[in-house]
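This report goes through a structure piece by piece, from a helix to strands, chains and domains. Please keep the sequence and the 3D view at hand while reading.

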Amino acid sequence: MIAAATIPAIFRSEPARALSVPDPDNMQLSDAYHHFGVTEAIIRDVIAEALSMGGDYCDVYFEQNVTNTIGLEDKEVNRAYTDVSLGAGIRVLKGDQTGYSFTEELSPKAMKLAAKTAAAIANSGKTAPPQALKLHDIPSYYPIETPWEQVGIDQKIPYLQNINDKVFALDSRVIKSNIWFINETSMILIATSEGRVVYDYRPMARIIVTCTAEQDGRRESNYFDLAGRQGIEFFTPENVDRLASEAVERTTALFKAVKPEAGVMPVVLAAGSSGILLHEAIGHGMEADFNRKKISIFSDKINKPVAESFVTIVDDGTNPHIRGSLNVDDEANDTEKTYLVENGILKSYLHDRISARYYGVKPTGNGRRESFRYSVQPRMRNTYMENGPHTKEEIIASVKKGLYAEAFTNGEVAIGAGDFTFYVKSGALIEDGKITRPVKDVNIIGNGPEVLRNIVMVGNDMKMAEGGWTCGKGGQGVPVSMGLPTVLVSEITVGGVSS
Amino acid sequence: MKLKDRLDLAQWVIKTAVKCGADESAVSLSNRREVEIEYRDKQLDKVKESVQNSLDLNIYVDQKYSGHSTSDLRKESLKSFIDEAVRSTRYLSADPYRTLPDPSLYPESMDKDLKILDAGYEQIHSRERVELAAQIEEAALAQSDRIISTTAGYSDVMASSVKVHSNGFQGQISTTQFWMGAEVTVDDGRGGRPEDWFYAGTRYFKDLPPCDQIGKWAAQRALRKIGQEKIDSGKYVMLVENSSSAQLLRMFQFPMTARALQQKRSFLDGKLGQPIAPEILTVTDDPFLEKGLGSRYYDGEGIAAQTRTLIDKGVLNTYLVDNYYGRKLGMTPNSGGTSNILLDYGEKSHEELIQTIDKGILITGFIGGNSNSTTGDFSFGIMGLLIENGAAVQPVNEMNISGNALTFWNKLAAVGNDPYPYSSWRLPSLMFEDVDFSGI
């Protein structure tokens, strides 16, 4: 075995810095400082420069991100990609105003120059003495057995070959398969002008299997993926089998699929990735920046009833190994389980530091950013609905004519009007209380508050999405997850064919 | 880093890769300077200034291929980065189709002035940027007292890159972009807060439209949504505003690539030389358009830019062929990507097209949805205006359109004369007949 391109080679010839990522299980603050080639004194100097124009607050976000991707196509593992980024983002706040800059060079001089740029958001000339930095302890929601830096490309290649063999063995209609193995690790260190310092090692792993099949001259494609804040042990023999079989089944099922009739109908959302409904219908609208700016349809609705009493919706950063979980958010605040809707009542927005200060509440640990190149926004983590009183069987049986939506590719929302959509890659018709023909490629569109009111049954089978969802907002993508028990929405508009 | 230093570094990377055992390599070094301003509630809300560097390296060793990127450009770091890159590549399977493009595909000259770099970039002062955003906000707010929120924005980018291949290619390109716009949210009087936006982007600072117009357009786009409702499902005439037309034409883009063909994920497989749309549709990819947001001399693989007619009077005229999949399919590479997309524009203006509609829907924006490159099936969420007897009578939303690309494009009834200038895809209004809308 070699620890090939996975090791952050940029540090190897740099004696002043660590040779690789410190062992995540035994890492100390001094290791984290050493990793980025900084000291507490250097960071305090940078913070002092950042606040030299009278800013209220500053944080410095150090990040080293390594992403390794290997790909199989036409039955061979014949491509590999590595991306390494290293830098520090410096943010200065003055009231609700933000000054931001970043540097990819971690010398004191380059960092102070970036600090000076960010400082210019303020202009009072009043400065505050920088605080001594004190380590803030955080939990560990995603320990992994072997750091990804110690997993060589030669260890990963067999997974792809194995899955590919299974895909072609499962169904003779399969004509093409693309398989990607992506692992990513971020080492971060955050220091604030309030004297908090924190570090985190964030792993992420994902395998995506895309499949194309042919039958009677027709072709269909679909995919299946598994993702999480995991180590290589996540890809158990069972998960490898599922990656192959789900990709094949989801593809070949499309040969039988029809398009539903266009219009308003009841929709049953299958447990799991149907949580995209929550992400689009309510999650974004509850991000507090949209409410602070009064542009969300949920503005001014806190403590008001928005759904039936059996509906409870949370956004949670603490689920072990789930893709959107964080030991600490990207502005050094603790994450938590935040109730958006509790027993039908709208409870809390999702806050970052700026919005929490504006509303006079505690931050909820939703301050996130794509990388050191971006400033913080309130963002979702893992958004899901808790179990309700119904069973999957009684929910499906209650529908005379409707849609059962199972797998999704993407969604979008207009925050103010409340219109949201999500794209159903595969599902089925429900006729007389039974699942009948499969359907494919239909967009569903609804209005967030109306759809919440129209959730009339909630199952007791909550399941988290398993795939690698990424949420985009303001040009930044962050990993998220979502989940849902089986849910019945009494009416929603389904794209389809006009009769 | 100066241009010459960047070229020297790129050459050094190529030499180092060879020393480490690479047979061939390609390197790009990019530098991007960016300023972003957001302005709201009559004060500066956010300022971001940054300089970003990146290096992209493609390595070919023993017919094995890998790609690497890093933001750490120090030579001592790069040396071990390159060494590791070459060593890890050896673990992959050999692939005989992986080589750099044949040098005959590289551009012969890069002399034409594409007018994509504004020499006045350095003269723009920070205060001026903030002032422009303030003026946009003021203009938007003046439009109506129903406006709840306005965020005005200004940003500019100066980017330059050099590209060197071990088999002789060397190119460099520098560009500027300037963007201004606003997002406006209005109170619809019944609990809804419809929003819309308008952004304009240009290569030259002086070509940006006036701030008062940008603010006004953004506000009016939001105001015209007040009272939006979904209407009955059915087949309607559909007119798409020029700024939204790209969403529809993009359903052809991936299926036209050699990659989609080779991977059997293209509904356009076997359609070369065949009609896929009515004769009124001619689509051209023009990389040499002056001031074009997509203009270039060469693509990401160094392949010379060339003007291509993609769809000629409705007939699929060419595929988009990159080096690797072209070699796999035995097709001559002509670039797997597009630059500026232009249409043969029609005679009628947007307003004249509206006047021809007895009953139909004008699409002012798409929301969500997707299209399937293998089958051509698509479904998108829409927002717009119901048109009756040649005039807008009702804003509509919360509806979907659905169809299949091959039948849908055959219902293209008219192409407007109004290309949208603030995009590399300069598309006009497009009108279709008998489109499936789902609403009530």
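Two residues are in contact if their C-beta atoms, placed from the backbone, lie within 7 Å. Helices (H or I, at least four residues) and strands (E, at least two) are DSSP runs, numbered from the N terminus.

## Source and numbering

This is a predicted model, in which local features need pLDDT of at least 70, side-chain atom pairs count only at pLDDT 80 or more, and totals for chains, interfaces and linings use all residues. Residues are numbered from 1 along each chain as its sequence is written, while chains are lettered from A and ligands numbered from 1 in the order in which they are written.

## A helix in chain A

Helix α4 of chain A covers residues 153–170, 18 residues in total. From first C-alpha to last it reaches 27 Å, close to the 26 Å expected at 1.5 Å a residue; the expected span is 1.5 Å times one less than the number of residues.

A residue is called buried if 20 or more other C-beta atoms lie within 10 Å of its own, exposed if 12 or fewer, and partly exposed in between, with C-beta atoms placed from the backbone. In α4(A) the buried residues are A:Ile153, A:Lys156, A:Tyr159, A:Leu160, A:Ile163, A:Asn164 and A:Val167. Seen down the axis of α4(A), these buried residues fall within an arc of 125°, so they line one face of the helix. The arc is that of the directions from the helix axis to the C-beta atoms. A:Pro158 and A:Ala169, on the other side of α4(A), are exposed.

What covers the buried residues of α4(A)? The cover includes β1 (57–73), β2 (76–94), β5 (174–192), β6 (196–215) and α5 (237–252) of chain A, together with α2 (75–89) of chain B.

## Strands in chain A

Strand β9 of chain A (residues 313–316) is covered on both faces. A:Ile313 and A:Asp315 are buried on one side, and A:Val314 and A:Asp316 on the other.

Two strands pair if DSSP finds at least two bridges between them. β9(A) runs antiparallel to strand β10 (residues 337–342) of chain A, with 4 bridges joining them, and A:Ile313 stands opposite A:Val341 there. Another 4 bridges join β9(A) to strand β14 (residues 382–385) of chain A, again antiparallel; in β14(A), A:Ile313 faces A:Met385.

## A sheet in chain B

An open sheet of 5 strands in chain B has the order β10-β9-β8-β11-β16, with mixed pairing. β10 (315–316) and β16 (425–426) of chain B stand at the edges with a single partner strand each, so one side of each is left without a neighbour in the sheet. Strand β11 (residues 341–343) of chain B pairs with β16(B) in the parallel sense over 2 bridges, and B:Ile341 has B:Trp425 as its bridge partner.

## Between the chains

Chain B places 68 residues in contact with 77 residues of chain A. On the chain B side, 14 of the residues are nonpolar, 34 polar and 20 charged. Here Ala, Val, Leu, Ile, Met, Phe, Trp, Tyr, Cys and Pro count as nonpolar, Asp, Glu, Lys and Arg as charged, and the others, Gly among them, as polar.

Strand β3 (residues 97–103) of chain A pairs with strand β2 (residues 43–61) of chain B in the parallel sense over 5 bridges. The partner of A:Tyr100 in β2(B) is B:Lys48.

## Domains of chain B

Domain bounds come from an automatic or database domain assignment. For chain B it gives domain 1 (3–31 + 50–105) and domain 2 (234–438). Their C-alpha centres lie 36 Å apart. The contact takes 4 residues from domain 1 of chain B and 9 residues from domain 2 of chain B.
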